[in-house]
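Here's a quick briefing to read alongside the model. Have a look at the fold first, then go through the notes.

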Amino acid sequence: LRLAAGDVPSAIEDLRAHTEAQPDVGAAWALLGEALAKAGRAAEAGPAFCRAAELGVERARARCPSR
């Protein structure tokens with residue numbers, strides 16, 4: 001919700017907490033990648049998208065730099 005509301009820094013904090021607590025939730029990794037990309041943090045967004053892709057989130061595959 002924070003990401004949709006434009007509160008990118010808070011969204012990143014929330015999503016990092018979520019991925020730490022539940023590291024196998026691909027959708028959270030994909031959203032973290034999107035939030036990091038919106039914040040201009042591409043070097044951090046790439047690995048998040050790759051992790052999402054590993055967990056089966058197809059839309060993240062194209063944004064994973066190692067694919």
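Let's start in the middle: the largest nonpolar core has 17 residues, and the ones touching the most other members are Ile12, Leu32, Ala52 and Ala60. At least two residues of this core come from each of helix H1 (8–21), helix H2 (26–38) and helix H3 (42–54). Keep in mind that this is a predicted model.

**The core**
- In soluble globular proteins, nonpolar side chains tend to be buried together.
- Across the chain, 37% of the 67 residues count as buried.

**The fold**
- You'll find four helices and zero strands here.
- Reading from the N terminus, the order of elements is α-α-α-α.
- Of the contacts with a separation of 6 or more, 36% are between residues 24 or more positions apart.

**Size and shape**
- A compact globule of 67 residues would have a radius of gyration near 11 Å, and the chain has 11 Å, so the two agree.
- The C-alpha trace spans about 30 × 25 × 15 Å along its principal axes.

**Surface and charge**
- The chain has an accessible surface of about 4000 Å², and carbon and sulfur atoms make up 53% of that.
- There are 9 positive and 9 negative charges, and their mean positions lie 5 Å apart.

Definitions and conventions:
Residues numbered from 1 in each chain as written. Predicted model: local features only at pLDDT ≥ 70, side-chain atom pairs only at ≥ 80, totals over all residues. Heavy atoms only, no water. Core = buried A, V, L, I, M, F, W, Y, C linked by side-chain atoms within 4.5 Å. Buried < 20%, exposed > 50% of the residue type's maximum accessible area, 1.4 Å probe, protein only. Rg over C-alpha atoms; globule rule 2.2 N^0.38 Å. Contact = heavy atoms within 4.5 Å. Areas by Shrake-Rupley, 256 points an atom, 1.4 Å probe, with all protein chains shown as cover. Lys, Arg positive; Asp, Glu negative; His and termini not counted. Charge placed at Lys NZ, Arg CZ, Asp CG, Glu CD.
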